Amino acid sequence: MKKLLLLFTGFVSVTMIHAQNITDALRYSEDEIQGTARFRALSGAFGALGGDMSAVSINPAGSAIFNSSHVSLSITNNDKNNDVSFYNGTDSASNSDINLNQAGGVLVLKNADNSPNWKKITFGISYDRTNNHNDDWFAHGTNTNSIDSYFLANAQGLYLDQISAFPDETYSQAYADIGSVFGYQYQQAFLGYESYILEPESDTNDNTVYYSNIAPGTFNQEFTYSADGYNGKVSVNIATQYNDNLFMGINLNSHIIDYSRYTYFHEENSNDGSLINEVGFENVLSTEGTGFSFQLGAIAKLNENIRLGLAFQSPTWYTISEKTTQYLGTIGDQTVNIDPQIVNVFPDYKLKTPSKVTGSFAYIFGKQGLISFDYALKDYSNTKFKPTSDTYFSQQNNIINNNLKTTSTYRVGGEYRYKEFSFRGGYRFEESPYKNNSNIGDLTGYSIGLGYNFGNTKLDLTYDAFERDTNYQLFDVGLTDSVQINKKNSNISLTLSFDI
């Protein structure tokens, strides 16, 4: 098995890639504001509260709640546990990492004259990690479907002379030339043909029909998945307080995608008549992206106890670039290793993620504590690949529109203060973005936390956890069987904050 970090010997620009799909759209559309320990302790139910740097990431009016300038810094230890099943095989995997997931500050400028309606204006800047992609798992099982179906699905209908190497070409040269002239699908067919998985019906240049050298039967399959990276957001915030009861704000957000994924598929068979008995197929993906969004928000104090919040988060407009490398090896009547050591560089594409609206309610029990509730709506069917004039992107957008839905997210949290201590807890529920929940299930989570107030300095500690069932589809076409994964994430967060 190859390492995730490889020494590549060549680059090639590929004319098209048919790899972006609904899974990629969701990966960059879902956000998980990891935030401060206090924010996480209330399960993110902060839309009507403010007074916390991560609350500002939900409702930009929240910075105007601060009475003095404020700085916070948060680190989180993230533990992921995956229970994996694939046909008759079960596995489990866990991994842990520590990240700086939040940092930011707000400057509060009060109006020296108490008579005007505009009481204060605040300026803030913050960083939040909005999604953690670090994940590792392994699956194995016995299947009646083979990897040959993937290569057949890509090859059928393509001319043989467009998916095969010339007599004087190396695998690397042919793989690069086919990718730059014809595209990614043709490269997959080339791998299948040159590895002897595929056999043409006739050995002529204009042949377009192929069959498999892997005989039907049962197949022992293994799949290794390793991902690394994150989504991040840098926000510039401006907010103001009007009279005593209205707070308004805006965020301008710059988004970052840094994602890499390594997968290795291994298959063995001893089926009668099979000319290929073992296949190893490796794929490495590297993704980088930048984007922009904005947020508008308001918080109203109806009286000393009740606050209402409303926030709008615009779509995020991403520009994304991707690179891939591949390796394919087969063992049978002869051994073939196709290791092009070529980096496929694909044209940039655009992704528009859905907007979100959040309504919030909070009840303040004086200095003793509070209870807060957030409700958010997000229509994932509005996710779009661009340019929409591209035939493949148009097909994927139709798939997204037909399979995804508007989701509701519920968050509730409470805090009780006793002297310098604060005791916190929360619960959240997020609906699956799929109309059919079999692909991704609903998410449920809870949180508990403790804070201590030293005066101008506060220290907060929180434990939160959530659980969700997902299905991971092995390949886009052909071998579309899924691995079932029960994901359990738990986090310990520590935040140090200062009032200045």
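Reply: A cut-off to start with: a residue is called buried when its relative accessible area is under 20%. Ser-497 comes out at 5% relative accessibility, so it counts as buried. Keep in mind that this is a predicted model.

Ser-497 belongs to strand 23, which covers residues 482-499. Leaving out residues up to four places away in sequence, Ser-497 touches His-70, Val-71 and Ser-72, plus Asn-456, Thr-457 and Lys-458.

Now the pocket. Strand 23 is one of the elements that each give at least two residues to the lining of the second largest pocket. The others are helix 2 (37-41), strand 2 (70-86), strand 19 (406-418), strand 20 (421-430), strand 21 (443-453) and strand 22 (457-473). The volume is about 1,100 Å³, and 40 residues line the pocket. Nearest its centre you'll find Arg-38, Gly-51, Asn-67, Arg-417 and Lys-458; Lys-458 is also on the contact list of Ser-497.

In soluble globular proteins, nonpolar side chains tend to be buried together. Here the largest nonpolar core has 64 residues, and Trp-137, Ile-147, Phe-151 and Phe-281 touch the most other members. Helix 6 (residues 184-194) provides the largest share of this core, with six residues. Apart from that core lies another one of 12 residues, including Phe-39, Phe-46, Leu-49 and Ile-58.

The N-terminal end of helix 1 is capped by Asn-21, which has a side-chain oxygen 3.0 Å from the backbone nitrogen of Thr-23.

Zooming out, the chain has seven helices and 23 strands, and its C-alpha trace spans about 90 × 40 × 40 Å along the principal axes. Of the 500 residues, 53% are buried. Take the contacts between residues at least 6 apart in sequence: 73% of them join residues at least 24 apart.

Definitions and conventions:
Residues are numbered from 1 along each chain as its sequence is written. This is a predicted model: local features need pLDDT of at least 70, side-chain atom pairs count only at pLDDT 80 or more; totals for chains, interfaces and linings use all residues. Side-chain values use heavy atoms; hydrogens and water are left out. Helices (H or I, at least four residues) and strands (E, at least two) are DSSP runs, numbered from the N terminus. Buried means under 20% relative accessible area, exposed over 50%, partly exposed in between (1.4 Å probe, protein chains only). Contact means heavy atoms within 4.5 Å. On a 1 Å grid over the protein atoms alone, a cavity is a set of points where a 1.4 Å probe fits but cannot get out, and a pocket is an open set with protein on both sides within 12 Å along at least five of seven lines; lining residues have an atom within 4 Å of a point. Grid points are joined across faces, edges and corners, and a volume is the space filled by probe spheres set on the points. A polar contact is a pair of N or O atoms within 3.5 Å; within protein, one must be able to donate a hydrogen and the other to accept it, and residues adjacent in sequence count only if both atoms are side-chain atoms. A nonpolar core is a set of buried Ala, Val, Leu, Ile, Met, Phe, Trp, Tyr and Cys residues joined through side-chain atoms within 4.5 Å.
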